[in-house]
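Open the model in your viewer and keep the sequence panel beside it. The tour goes from one selection to the next.

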Amino acid sequence: MRLRGFWLWVALMTAATSASAQSPARPKLKIVTVTDGASPTFDGWLAALRQETFEQLSERYEIDFPAEPLLADWTAEGVRRALQRAYADPSVDAVFGLGTLVATEVAKLDRIPKPTQLPFVMEADRIGLPRSGDISGKTNLTYITEKLDIADEVRKLNAVAGSKRVALLVTAEIGDALAAEATKQVEQSRVSLASSPRPTAAALLEAIPKDADGVVLGPMRRLDANGRKQLLDGLIARRLPNVALGGPAWVQQGALMTLHSETELTRRAQRAALNVDLVLGGRRPSELHVDFESRKELLLNVATARALSVRLTFDVLTDAELVEESATPRGEGTLTMQEAMEEARLRNLALQAEGKFVEAGEQQVKQQRGPLLPQGQLGAGLVVQD
């Protein structure tokens with residue numbers, strides 16, 4: 001019996017090894033990312049790109065997608081060196097580029113040697129990226145772009161906080177092309193442009209006009225996480241309501257609100273991963289659609305609204321997705337909406353009077369019901385005989 005079991009085990013192992021040898025190995029795919037420099041914004045973008053790429057392609061490809069990008073130093077020369085490293089590596093199959101400087105330098109290349117995708121571009125036409133209809137039309141290049149438009153943000157600041165003297169706050173890293181578009185935007189929206197050549201919280205706060213009563217936070221990718229917190233704390237200290245173009249990450253850290261949907265980052269990352277899949281399937285990068293349509297959804301930080309003394313109307317609260325709704329401790333005597341409604345119910349004299357009428361009615365019902373119930377009599381007698 002032991003010998004029979006041994007040979008059965010050998011047969012099973014041989015069959016498994018044979019089946020493994022016959023199954024085709026997954027083709028290898030290596031993707032690298034080049035960024036303008038170190039930035040929490042790029043960290044979030046890269047994490048989303050990696051997650052979606054692995055989810056869509058890992059069953060069919062053996063993916064090598066490093067979590068650390070090739071960092072430039074926030075200069076055009078540094079970006080060019082990082083791109084050259086990516087293109088010179090024979091093991092690299094595709095390149096992602098993140099940042100305005102990367103997009104600008106890629107646009108200048110006469111020849112792009114490897115499939116390159118720029119998933120997070122703003123105003124592609126302004127920064128010189130090629131376009132032919134709704135595709136790039138350039139060999140090995142595709143991108144995903146949207147327009148810079150602050151009109152909705154300005155209107156929402158006015159509706160939520162009553163801001164009328166709004167400033168668009170930007171840093172020099174957006175480049176001359178986007179700065180020109182920003183200037184055009186502020187002229188159309190009748191707001192002021194506040195720009196700082198230094199990406200520090202102190203410099204940005206200093207650039208805001210003294211008479212401003214609201215701020216649109218433009219692209220600030222060079223600002224690190226600590227600098228972002230200092231900037232947002234400074235806006236609260238100056239009682240300046242604000243809306244961030246940077247999306248939910250800013251609101252979660254303390255900005256008042258954003259109109260960029262929480263799903264927008266995921267949607268762009270999914271589309272970028274799908275573009276990689278299409279290219280691996282034979283599509284040319286130059287033939288992929290480049291436009292992206294944002295979804296406007298109000299995300300609002302309630303704790304920041306309280307700190308800014310912004311009174312949120314019922315319409316705003318029902319229209320918004322709320323963040324940090326209970327993060328700020330309430331002062332003595334402060335009620336939540338649910339507590340206020342319950343208190344009003346308990347103290348309503350008309351309701352109390354109606355309640356007494358109901359109680360009196362219940363007693364009358366008992367009185368009227370009494371004679372209708374079954375009746376019984378009990379008697380007793382005593383006879384004494386002498």
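**Stop one: the end of a helix**

Select Gly282, which follows helix α10 and has a positive phi, near 120°. Keep in mind throughout that this is a predicted model.

**Stop two: along α10**

Now select residues 264-280, which form α10. How far apart are the end C-alpha atoms of α10? They are 25 Å apart; at 1.5 Å a residue, the 17 residues should span 24 Å, so the two values agree.

Next, colour the buried residues of α10: Glu264, Arg267, Arg268, Ala269, Arg271, Ala272, Ala273, Asn275, Val276 and Asp277. Buried here means under 20% relative accessible area. To see what lies over these residues, show the strands β1 (28-35), β4 (94-98), β5 (116-122), β6 (141-146) and β11 (257-260), which are included in the cover. Helix α2 is also part of that cover.

Two packed helices are described by the angle between their axes and the distance between the axes.

Coloured by type, the residues of the contact between α2 and α10 come out as 11 nonpolar, 5 polar and 2 charged.

**Stop four: α3 against α4**

Clear the selection and pick residues 76-88 for α3 and residues 100-108 for α4. Their axes come within 9 Å and cross at roughly 70°. This makes α3 roughly perpendicular to α4, because angles of 65 to 115 degrees count as such. The crossing of α3 and α4 is right-handed.

Show Ala76, Val79, Arg80 and Leu83 on α3, and Leu101, Val102, Glu105 and Val106 on α4; these residues make the contact. The contact of α3 with α4 has 6 nonpolar residues, no polar ones and 2 charged ones.

**Last stop: the whole protein**

Zoom out and show everything as a cartoon. The protein has 14 helices and 13 strands. Of its 386 residues, 41% count as buried. Among contacts between residues at least 6 apart in sequence, 71% join residues at least 24 apart.

Definitions and conventions: Residues numbered from 1 in each chain as written. Predicted model: local features only at pLDDT ≥ 70, side-chain atom pairs only at ≥ 80, totals over all residues. Heavy atoms only, no water. Axes fitted to C-alpha atoms, helices over the stretch in contact; angles between N-to-C directions. Helix = DSSP H or I, 4+ residues; strand = E, 2+ residues; numbered from the N terminus. Nonpolar A, V, L, I, M, F, W, Y, C, P; charged D, E, K, R; others polar. Expected span 1.5 Å × (residues − 1). Buried < 20%, exposed > 50% of the residue type's maximum accessible area, 1.4 Å probe, protein only. Contact = heavy atoms within 4.5 Å. Parallel < 35°, antiparallel > 145°, perpendicular 65-115°, else oblique. Left-handed = near helix turned anticlockwise from the far one by under 90°.
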